[in-house]
Amino acid sequence: MTAGTSRPAVVAWSPFQARSECLAHELSGAAHFIAHERLGRRSALVAVRYVLNSLQTWRVLDRTDPSFVVVIAPPVFASLVVALWCRRRSRPFAIDCHTEVLNSRFWRLLLPLQRWAARRAAAVTFHTQEDTRRAAPWTDRTLYLPDGPASPDESVARRGMPSARRPRVVLAGSLDSLEPVAQEVETARLLPDVDVVVTGDLTRVPLDVR
């Protein structure tokens, strides 16, 4: 196995993910967020966006030549691209599986592809103990890696927000359909003296909740 010439890389097909940035920081590596947002979320352009993301991922990895790669799933296509690049360059890689991998109706249809990549990974991490248990048959290298609490500097100042004079609660997520977004909003309504900050993609939230 040849060594990479650069520090580890964390690859996410997303505009930003706090967990991915944290992983890169803990690994003394670099986070690469790849997303062609100008194409929007129209279903007709999903395939085009994935092709562009695949090409950009390959170029980024070629340019940075990381010694180790962590790829975020879903989408499974990101895992496949990283697995193929690492196989070609003899680099180890890990897959950080978000909850959608096992709980989204769409991504469950592509689990055979995810399992193929997982069996070739040095490690496969999951956010919850339940998902870690369910994925145990894939490989003996599954790990439970929950989100740790961010420091005030990481969760507030790094995102360009001023320091708070009032109590602040940060709800870290993606605002997808698996999260109780409406309940979070109603809970925040009961806390008029607390600033509640919610992370994620607002376009995923129904208009009535927005």
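Modeller: Two strands are said to pair if DSSP finds at least two bridges between them. Strands (E, at least two residues) and helices (H or I, at least four) are DSSP runs, numbered from the N terminus. This is a predicted model, in which local features need pLDDT of at least 70 and side-chain atom pairs count only at pLDDT 80 or more, while totals for chains, interfaces and linings use all residues. Residues are numbered from 1 along each chain as its sequence is written, and side-chain values use heavy atoms, with hydrogens and water left out.

Colleague: Which residue is the bridge partner of Phe-126 in β6?

Modeller: That partner is Tyr-144. Strands β5 and β6 (residues 142-144) run parallel and are joined by three bridges.

Colleague: And how many bridges join β4 to β5?

Modeller: There are four, and these two strands also run parallel. Within this pairing, Ile-95 stands opposite Val-124 of β5.

Colleague: What do β5, α7 and β6 make?

Modeller: Together with helix α7 (residues 129-134), the strands β5 and β6 make a right-handed β-α-β unit. Right-handed means that, with the strands pointing away from the viewer, the path from the first strand over the helix to the second runs clockwise.

Colleague: Which residues cover the two faces of β5?

Modeller: Ala-123 and Thr-125 lie on one side of β5 (residues 123-126), Val-124 and Phe-126 lie on the other, and all of them are buried. Buried means under 20% relative accessible area, exposed means over 50%, and partly exposed is in between (1.4 Å probe, protein chains only). In a regular strand, side chains alternate between the two faces of the sheet.

Colleague: A change of topic: how many salt bridges are there in the whole structure?

Modeller: The search finds nine, a salt bridge being a side-chain nitrogen of Lys or Arg within 4 Å of a carboxyl oxygen of Asp or Glu. In one of them, Arg-19 meets Asp-96, with the closest N and O atoms 2.7 Å apart. Because Arg-19 is in helix α1 (residues 18-26) and Asp-96 in strand β4 (residues 93-97), the pair ties together parts that are 77 residues apart in sequence.

Colleague: Are Arg-19 and Asp-96 buried or exposed?

Modeller: Both are buried. Asp-140, which forms a salt bridge with Arg-141 (closest N and O atoms 3.4 Å apart), counts as exposed at 69% relative accessibility. Arg-141 is partly exposed, at 32%.

Colleague: Which residues are linked in a network of salt bridges?

Modeller: Asp-62, Asp-65, Arg-89 and Arg-91 are linked in this way.

Colleague: What about the aromatic rings: how many pairs does the count come to?

Modeller: The count is six aromatic pairs. Rings of Phe, Tyr and Trp (its six-membered ring) pair if their centres lie within 6.5 Å; planes under 30 degrees apart count as stacked, over 60 as edge-to-face, and the rest as tilted.

Colleague: Is Trp-13 buried or exposed?

Modeller: Trp-13 counts as buried, at 12% relative accessibility. Phe-77 and Trp-107 form another aromatic pair, which is edge-to-face, with 6.1 Å centre to centre and 65 degrees between the planes.

Colleague: Which residues form the aromatic cluster?

Modeller: Trp-13, Tyr-50, Phe-77, Phe-106 and Trp-107 form one cluster.
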